[in-house]
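Trainee: Please walk me through this chain. I'd like to take it piece by piece.

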Amino acid sequence: MVAAAAVILAVSVTSLPACSWPADRPVAAEVPALTVVATVPASGAEGVPTDAVVELGFDAWPESPVPGGVVRMTAGVVDVGVQLEVDLVGRKLRVTPARYGEQPPRLLDTQTGYTVVVAPALRATGGATLAAPFILKFRTGDAPAGRATRPTPRFGEVYALVLATACRDCHADSALDLSTEDAAFAALAGQPTRVVAGHSAGSGLLRKLVGTPDTGGAAHLPLSDAQLALVRDWIDAGARR
Ligand code: HEC
């Protein structure tokens with residue numbers, strides 16, 4: 001029975017067209033070192049809202065989870081506990097102050113200088129690490145700006161806007177059955193190797209779609225950032241129906 005299933009799987013997979021990016025799409029090159037390419041707030045910024053989420057943008061996908069102690073935030077000499085979230089679509093690491101895992105994350109203190117230090121031990125999915133510690137300094141202002149809440153897409157939207165349009169032709173009767181909304185939900189949300197609810201960066205599905213090196217490199221069909229963000233936000237919001 002198991003052997004028969006394996007044969008069917010092998011046949012259905014090999015008979016499908018190759019699952020790779022068209023040649024005219026840029027493919028992320030192997031990077032010798034991980035580099036910070038952008039930050040929010042900008043380095044040296046003043047008057048930063050107290051509900052700001054610090055974002056560190058990289059030239060490769062930061063691996064998740066980030067080992068403890070790799071990212072530290074301090075206010076003067078006080079170590080501020082941080083909560084870290086990897087955004088594979090934006091190649092970002094989001095840093096929010098959260099003492100003892102408080103939810104929702106705490107606000108930053110007003111009129112306070114903060115320093116965020118990322119240790120070279122931070123790894124990208126392909127194995128690259130930072131060449132040197134990265135240091136970001138900024139200063140808060142007097143008030144929050146009103147945090148933008150992340151959307152919570154329904155699975156119906158993910159199915160209609162991504163799976164039915166970009167995937168169903170190949171994954172209709174294969175080991176990964178995306179032929180109907182019900183089948184797709186069971187094949188994705190019911191399979192921890194594909195979807196880890198609340199943790200898009202650790203979900204095989206999103207990793208495959210953005211093309212992290214562990215999934216064979218940039219080796220799936222190109223989706224728009226909006227489509228990738230929809231899949232990401234659905235998983236991060238709990239991968240619910
Ligand atoms: C051109 C045909 C084709 C299209 C279109 C396609 N795939 Fe695939 N997909 C494959 C093949 C072939 C494999 C197995 C080989 C591999 O991993 O690349 C696969 C593998 C996968 C895997 C990893 C294996 C698994 O069972 O978990 C996932 C996840 C996946 N596809 C999701 C999708 C999603 C989501 C879409 C739509 C955005 C999509 N695919 C579009 C052909 C396709």
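Trainee: How many bridges join strand β2 to strand β6, and which way do they run?

Mentor: Strand β2 (residues 54–58) and strand β6 (residues 92–97) are joined by 4 bridges and run antiparallel. Glycine 57 stands opposite lysine 92 in β6. Two strands pair if DSSP finds at least two bridges between them.

Trainee: Before we go on, what sort of model is this, and which residues count?

Mentor: This is a predicted model, where local features need pLDDT of at least 70 and side-chain atom pairs count only at pLDDT 80 or more, while totals for chains, interfaces and linings use all residues. Residues are numbered from 1 along each chain as its sequence is written.

Trainee: And what counts as a helix or a strand?

Mentor: Both are DSSP runs numbered from the N terminus: helices are H or I with at least four residues, and strands are E with at least two. The protein chain has 5 helices and 8 strands. From the N terminus on, the order is α-β-β-β-β-β-β-β-β-α-α-α-α.

Trainee: Back to β2 and β6. What sheet are they in?

Mentor: They belong to an open sheet of 4 strands in the order β1-β2-β6-β5, with antiparallel pairing. β1 (36–40) and β5 (82–87) each have a single partner strand, so they stand at the edges, and one side of each has no neighbour in the sheet. Neighbouring strands are turned by 20° against each other on average, direction ignored.

Trainee: Next, β7. Which strands does β7 pair with?

Mentor: Strand β3 (residues 71–75) pairs with β7 in the antiparallel sense over 5 bridges. Threonine 74 stands opposite threonine 115 in β7. β7 also pairs with strand β8 (residues 134–139), antiparallel over 6 bridges. There, the bridge partner of glycine 113 is arginine 139 in β8.

Trainee: Helices now. At what angle do α2 and α3 pack?

Mentor: Helix α2 (residues 155–166) and helix α3 (residues 181–189) pack at about 100°, with their axes 10 Å apart. That makes α2 roughly perpendicular to α3. Angles from 65 to 115 degrees get that label, those under 35 count as roughly parallel, those over 145 as roughly antiparallel, and the rest as oblique. The axes are lines fitted to C-alpha atoms, for helices over the stretch in contact, and angles run from 0 to 180 degrees between N-to-C directions.

Trainee: Which residues meet there?

Mentor: Phe155, Gly156, Tyr159 and Leu163 in α2 meet Glu181, Ala184 and Phe185 in α3. Two residues are in contact if their C-beta atoms, placed from the backbone, lie within 7 Å.

Trainee: What about α5: how many residues has it, and which are buried?

Mentor: Helix α5 (residues 225–236) has 12 residues and reaches 16 Å from its first C-alpha to its last, close to the 16 Å expected at 1.5 Å a residue. The expected span is 1.5 Å times one less than the number of residues. Val231, Arg232, Trp234, Ile235 and Asp236 in α5 are buried. The buried residues of α5 pack against α2 and α4 (204–210).

Trainee: Where are the cis peptide bonds you flagged?

Mentor: One joins valine 40 and proline 41, with omega about -5°. Proline 41 is in the loop between β1 and β2. Another runs from serine 64 to proline 65, with omega near 0°. Most residues other than glycine have a negative phi, and most peptide bonds are trans.

Trainee: Which residue other than glycine has a positive phi, then?

Mentor: Arginine 91 is one of them, at about 50°, and glutamine 111 is another, near 45°. Arginine 91 lies in the loop between β5 and β6, and glutamine 111 in the loop between β6 and β7.

Trainee: Are those two buried or exposed?

Mentor: Arginine 91 is buried, with 20 other C-beta atoms within 10 Å. Glutamine 111 is exposed, with 11 other C-beta atoms within 10 Å.

Methods: Buried ≥ 20, exposed ≤ 12 C-beta atoms within 10 Å, placed from the backbone.
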